[in-house]
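Please walk through the structure below with the text alongside. The paragraphs go from the whole chain to single sites.

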Amino acid sequence: MNLAEKYGPSASALSINQYCPPRCFELAGQRFDLVMDTGADTGDAVLNFVDETHVEWSIKGGTELKLETYECRKADDWTYLVSYCIEGKTPRENHTWVIDKEQSLVTFLRCDLGENPYWPYLIESHFTFGYIRREGVEHKDVRRHGFTDEATGTAIKWTYGHELATVHIYHSPHWYRITYPRDAAPTPGEDQANEFRELLKSMPGSDEPAYYVKIKEGMYFISITEQNTEKIMGDKVRFRSDTLCFLDNYKRMYSVGRGFGTMTMDGKERPIFVMIGKYGAPTQVDDHFFTDPIPYLV
């Protein structure tokens, strides 16, 4: 029996989350009282991990704790990516946290649909930075996670599964571009990726807005949102302004992330919330990927 042939098609069907690592349950039973003092949603926050799958949370100084089902993955021994969607909220909202126990620092990313009256599927990203409050211990470090341009000039091939890989080009502190490996031929099992690849050819460019946050040496939290694709292609693309965020560990060339958005097909909507794992490798791209002007800016 050829196990690769037997299980390959079902593994490929997992698409972008084929290489996602198993859930991390290490935070179960822990409570984090947070001081979020820089950014969009400042104020005290709480993350109380009730068990392996449920977390109670509050932000912006709220006193009422709300219960959600969460996902957790690790980027290194001390750094956790936690994400959940708010149950029953319309338009939908996702919260993603980077809990950095090594430095006692925290990054909070809030993503909302429905803020833009012209494009209701468009997702906006709001960042807040802070630290973990420890009883009886004064947090004297004034440093926080924060936006950075250190990723600019990077081209990297990210592999999500045995048949799915893309190349990201970080050519600007506020934008990214995507292409595909030179040696990668479209495969029949990756219909969604192949469809997106063809649609990109009709776009002015693959540039999309991006945020780059430095967590620590060799680790970056990168958030990208397919806003221009949504504005130009609309329902021609099944994935509507999806936002992807990744906690990239360059010391291991490894990353964990989450996807949040909406799929529309046959007139029906399906919410997207998926956890992702991927492996990186340096790659060469043509120089123009770093020098071409951004077609969405004057």
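Predicted model: local features only at pLDDT ≥ 70, side-chain atom pairs only at ≥ 80, totals over all residues.

Residues are numbered from 1 along each chain as its sequence is written, and side-chain values use heavy atoms, with hydrogens and water left out.

The protein has 4 helices and 17 strands; these are DSSP runs numbered from the N terminus, helices being H or I with at least four residues and strands E with at least two. Its radius of gyration is 19 Å, close to the 19 Å from the globule rule for 298 residues, so the protein is as compact as a globular protein of that length. That radius is taken over C-alpha atoms, and the rule is 2.2 Å times the number of residues to the power 0.38. Of the 298 residues, 53% are buried, where buried means under 20% relative accessible area, exposed over 50%, and partly exposed in between (1.4 Å probe, protein chains only).

The second largest pocket holds about 290 Å³ of space. Among the 16 residues lining this pocket, Ile178, Leu200, Gly205, Ser206 and Phe289 are the closest to its centre. On a 1 Å grid over the protein atoms alone, a pocket is an open set of points where a 1.4 Å probe fits, with protein on both sides within 12 Å along at least five of seven lines; lining residues have an atom within 4 Å of a point. Grid points are joined across faces, edges and corners, and the volume is the space filled by probe spheres set on them. Strand β12 gives the largest share of the lining, 3 residues.

Phe147 is in strand β9 (residues 146–147). This residue counts as exposed because its relative accessibility is 51%. Beyond neighbours within four places in sequence, Phe147 is in contact with Phe127, Phe129, Tyr211, Tyr212 and Val213, contact meaning heavy atoms within 4.5 Å.

Some backbone details remain. Most residues other than glycine have a negative phi, and most peptide bonds are trans. Thr90 and Pro91 are joined by a cis peptide bond, with omega about -5 degrees; Pro91 is in the loop between β5 (79–85) and β6 (93–100). Ser104, not a glycine, has a positive phi of about 60 degrees and is buried, at 13% relative accessible area. Ser241 has a positive phi of about 55 degrees, lies in strand β15 (residues 239–249) and is buried at 0%.
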